[in-house]
Amino acid sequence: MPKVLPQEMKFRAMELYLTGNLSAREIAETLTAEYNQEVKTPTIYMWAKKEDWDDKKVLARTQGIQQVAETESQRYARLQ
């Protein structure tokens, strides 16, 4: 029977995946240290694939770029 990991751990893994430049191995090591429960690298790959983390990462970066562009546009308009 597969081991059931807490949902909170999965959310933390996604956060690390989306916000950092960590490898799956580094994310697994971080989670193992933080939660004192072993997480294997293939688990991170499985979660990323199953939950489409790559698509979410692209979307988050695109939204971030749009927000920066809007902020710069607003700043430019204010200076004029």
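**Terms and values**

Visitor: Why does Lys10 count as buried?

Guide: Lys10 has 15% relative accessibility, so it counts as buried (under 20% relative accessible area; over 50% is exposed, in between partly exposed, with a 1.4 Å probe and protein chains only). This is a predicted model, in which local features need pLDDT of at least 70 and side-chain atom pairs pLDDT 80 or more, while totals for chains, interfaces and linings use all residues. Residues are numbered from 1 along each chain as its sequence is written, and side-chain values use heavy atoms, without hydrogens and water.

Visitor: Where is Lys10, and what is Lys10 in contact with beyond its neighbours within four places in sequence?

Guide: Lys10 lies in helix H1 (helices are DSSP runs of H or I, at least four residues, and strands are runs of E, at least two, numbered from the N terminus). With those neighbours set aside, its contacts (heavy atoms within 4.5 Å) are Trp47, Glu51 and Trp53.

Visitor: What makes Lys57 buried?

Guide: Its relative accessible area is 19%, so Lys57 is on the buried side of the cut-off. Lys57 belongs to helix H4 and touches Tyr17, Leu18 and Gly20, residues up to four places away in sequence not being counted. The C-alpha atoms of Lys57 and Tyr17 are 8.0 Å apart, although 40 residues separate the two along the chain.

Visitor: What makes Tyr17 and Trp53 an aromatic pair, and why is the pair called tilted?

Guide: The count comes to 1 aromatic pair. In that pair, Tyr17 and Trp53 are 5.4 Å centre to centre with 50° between the planes, and the pair is tilted (ring centres of Phe, Tyr and Trp, by its six-membered ring, within 6.5 Å; planes under 30 degrees apart are stacked, over 60 edge-to-face, the rest tilted). The pair links distant parts of the chain, with Tyr17 in helix H1 and Trp53 in helix H4 (residues 53-79), 36 residues apart. Tyr17 has a relative accessible area of 17% and is therefore buried; Trp53, with 1%, is buried.

Visitor: Why are H1 and H2 called oblique?

Guide: Helix H1 (residues 7-19) and helix H2 (residues 24-35) pack at about 140°, their axes 10 Å apart (axes are lines fitted to C-alpha atoms, for helices over the stretch in contact; angles run from 0 to 180 degrees between N-to-C directions). H1 and H2 are therefore oblique (under 35 degrees is roughly parallel, over 145 roughly antiparallel, 65 to 115 roughly perpendicular, the rest oblique). Glu8, Met9, Arg12, Ala13, Leu16 and Tyr17 of H1 meet Ile27, Thr30, Leu31, Glu34 and Tyr35 of H2. The residues of this contact comprise 7 nonpolar, 1 polar and 3 charged (Ala, Val, Leu, Ile, Met, Phe, Trp, Tyr, Cys and Pro are nonpolar, Asp, Glu, Lys and Arg charged, the others, Gly among them, polar).

Visitor: How do you know how H2 and H3 are oriented to each other?

Guide: H2 and helix H3 (residues 41-50) pack at an angle of about 110°, with axes 8 Å apart. H2 and H3 are therefore roughly perpendicular. On the H2 side the contact is made by Ala24, Arg25, Ile27, Ala28 and Leu31, and on the H3 side by Thr41, Ile44, Tyr45 and Trp47. By class, the contact of H2 with H3 has 7 nonpolar, 1 polar and 1 charged residues.

Visitor: What makes H1 roughly perpendicular to H3?

Guide: H1 and H3 pack at about 80°, with axes 11 Å apart. That angle makes H1 roughly perpendicular to H3. Met9, Lys10, Ala13 and Tyr17 of H1 make the contact with Ile44, Trp47 and Ala48 of H3. The contact of H1 with H3 has 6 nonpolar, no polar and 1 charged residues.

Visitor: Why is Asn36 called exposed, and why is Asp52 called partly exposed?

Guide: Asn36 has a relative accessible area of 73% and so is exposed, while Asp52, at 43% relative accessibility, counts as partly exposed. Asn36 is in the loop between H2 and H3, and Asp52 is in the loop between H3 and H4. Asn36 has a positive phi of about 55° although it is not a glycine. Asp52, a residue other than glycine, has a positive phi near 55°.
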